[in-house]
Amino acid sequence: MDLRFTPEELAFRAEVRAFIGDNLPDDIAQRMRQGHSARKQDILAWQRILNKRGWAAYTWPKEWGGPGWSAVQRMIFLEEIQAYPAPEVNPFNVTMLGPVLIQFGTQEQKQRFLPRAANLDDWWCQGFSEPGAGSDLAALKTAARREGDEYIVNGQKIWTSTAHQADWCFVLVRTNPQAAKKQEGISFLLVDMKTPGITVRPIVSIDGSHHLNEVFFDDVHVPVSMRIFEENKGWDVAKFLLGNERTGIARLGKSKERVKFAKTQAKEMRAGGRPLSEDPEFRRRIAQLETELKSLEITQLRVLSAEKAGEGRQNPLSAVLKLKGTELLQATTELAMDVGGPLAMPDWADELEALSNEPELGPVWATEATRSYLFLRAASIYGGTNEIMKNIVSKAVLGL
Ligand SMILES: Cc1cc2nc3c(=O)[nH]c(=O)nc-3n(C[C@H](O)[C@H](O)[C@H](O)COP(=O)(O)OP(=O)(O)OC[C@H]3O[C@@H](n4cnc5c(N)ncnc54)[C@H](O)[C@@H]3O)c2cc1C
């Protein structure tokens with residue numbers, strides 16, 4: 001196991017960093033620096049710039065418009081994007097649907113959807129979870145009845161991120177309710193969100209944002225040609241997709257960026273009559289987080305090193321990356337919020353602003369840090385909850 005970066009990998013990191021610096025539009029860079037989450041138009045603009053360079057579909061092979069990078073290059077790329085910070089590419093298009101199409105799609109499906117997914121000409125969302133099917137995803141009930149060369153879909157999905165902005169949705173449906181095992185009667189369909197019978201209802205999350213939705217299907221007609229892989233074999237496709245989803249969720253670059261950001265802002269904030277950055281308790285907290293981030297980075301390199309050595313992609317250690325990565329993401333976003341102190345309370349800041357003649361009272365970064373902290377409470381739920389990750393670690397890593 002060699003955990004050092006090669007000179008080529010270090011040069012690659014420098015190239016990615018320089019590309020972001022030279023090409024990320026100033027207004028987007030400014031918003032991201034203040035801690036805003038990227039808007040749809042920001043992601044569209046940036047993903048298209050990356051796609052021109054051949055980097056948007058960063059996990060795909062060259063044949064389908066990706067850069068054909070190694071696992072280490074992919075990790076470096078993602079870390080640089082998060083650390084800058086620049087908007088991340090749409091994960092539903094790039095890390096979920098794209099690899100599924102490449103692995104399981106027909107030639108026609110690949111040619112039709114892959115170039116558009118890379119360039120974000122189609123915005124995809126993921127219709128997996130249902131009110132009775134989250135951790136136990138195979139319990140899903142949304143049904144697809146076959147009539148000639150169409151499926152008629154009825155049912156409900158929930159927690160569908162960005163469904164209100166999406167052009168297409170990849171959906172798991174039950175095509176054989178009589179199958180002996182619940183995993184056996186499932187199929188994977190591509191559904192055009194403009195199809196009659198689809199209703200999208202917003203769910204507003206704790207940070208006040210509209211990211212999540214319920215999606216209802218009432219007699220929605222989907223051509224059979226929009227099915228990926230064989231009928232009733234959709235579970236194989238779903239497992240493949242979830243493995244890819246989890247590997248990318250650690251977001252080490254984002255956690256590192258939050259710590260760096262907190263250290264910078266702490267120089268401006270005061271605690272006990274001196275800069276917060278000089279406070280011993282604050283410094284202890286930073287040291288602890290940086291040590292844990294370093295440990296996670298080494299675990300991530302171990303996973304990649306095993307991948308390089310050909311031990312296969314579905315390493316159960318990736319459950320540790322998801323588990324520890326999201327715990328650190330929550331701890332570092334909490335740190336950034338705490339640095340803001342009272343300024344980090346959005347409601348309070350609004351009230352103070354109303355009473356004041358000053359046009360701008362609190363730095364916007366502080367309230368945005370709170371929004372980010374609140375939204376990322378969900379990081380230990382999406383992509384498989386941390387309790388489920390602990391089950392995987394106990395069984396597949398520790399052999400308990
Ligand atoms: C912000 C956000 C975005 C999301 N985006 C999408 C999306 O775009 N598309 C999509 O399809 N889904 C999405 N989801 C849904 C997500 O995948 C589910 O919320 C998740 O799988 C958990 O399912 P659940 O909410 O039904 O909780 P449940 O499965 O009901 O779990 C409830 C609690 O019980 C625990 N639990 C359940 N089973 C076990 C077990 N066997 N052992 C120990 N503990 C257990 C869980 O850990 C959890 O604490 C999103 C969720 C969030 C929060």
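In this predicted model, Pro 85 sits in the loop that runs between α4 (71-83) and α5 (91-104), and the peptide bond that joins Tyr 84 to Pro 85 is cis, with an omega of about -5°. Most peptide bonds are trans, and most residues other than glycine have a negative phi.

Two further loops hold residues with a positive phi. Leu 120, which is not a glycine, has a phi of about 55° and lies in the loop between α6 (107-118) and β1 (124-127); because its relative accessibility is 2%, under the 20% cut-off, Leu 120 counts as buried. Phe 229, also not a glycine, has a positive phi of about 65° and is placed in the loop between β8 (227-228) and α7 (234-247), but with a relative accessibility of 29% Phe 229 counts as partly exposed.

Which atoms of Gln 126 lie 2.7 Å from a nitrogen atom of the ligand, backbone or side-chain? A backbone N or O atom of Gln 126 lies at that distance, whereas in Thr 385 an N or O atom of the side chain is 2.7 Å from an oxygen atom of the ligand. A polar side-chain atom of Asn 391 lies 3.0 Å from a ligand nitrogen atom. Taken alone, the ligand exposes 970 Å², and the protein buries 66% of that area.

Key
Residues numbered from 1 in each chain as written. Predicted model: local features only at pLDDT ≥ 70, side-chain atom pairs only at ≥ 80, totals over all residues. Heavy atoms only, no water. Polar contact = N/O pair within 3.5 Å; in protein donor to acceptor, adjacent residues only side chain to side chain. Areas by Shrake-Rupley, 256 points an atom, 1.4 Å probe, with all protein chains shown as cover. Helix = DSSP H or I, 4+ residues; strand = E, 2+ residues; numbered from the N terminus. Buried < 20%, exposed > 50% of the residue type's maximum accessible area, 1.4 Å probe, protein only.
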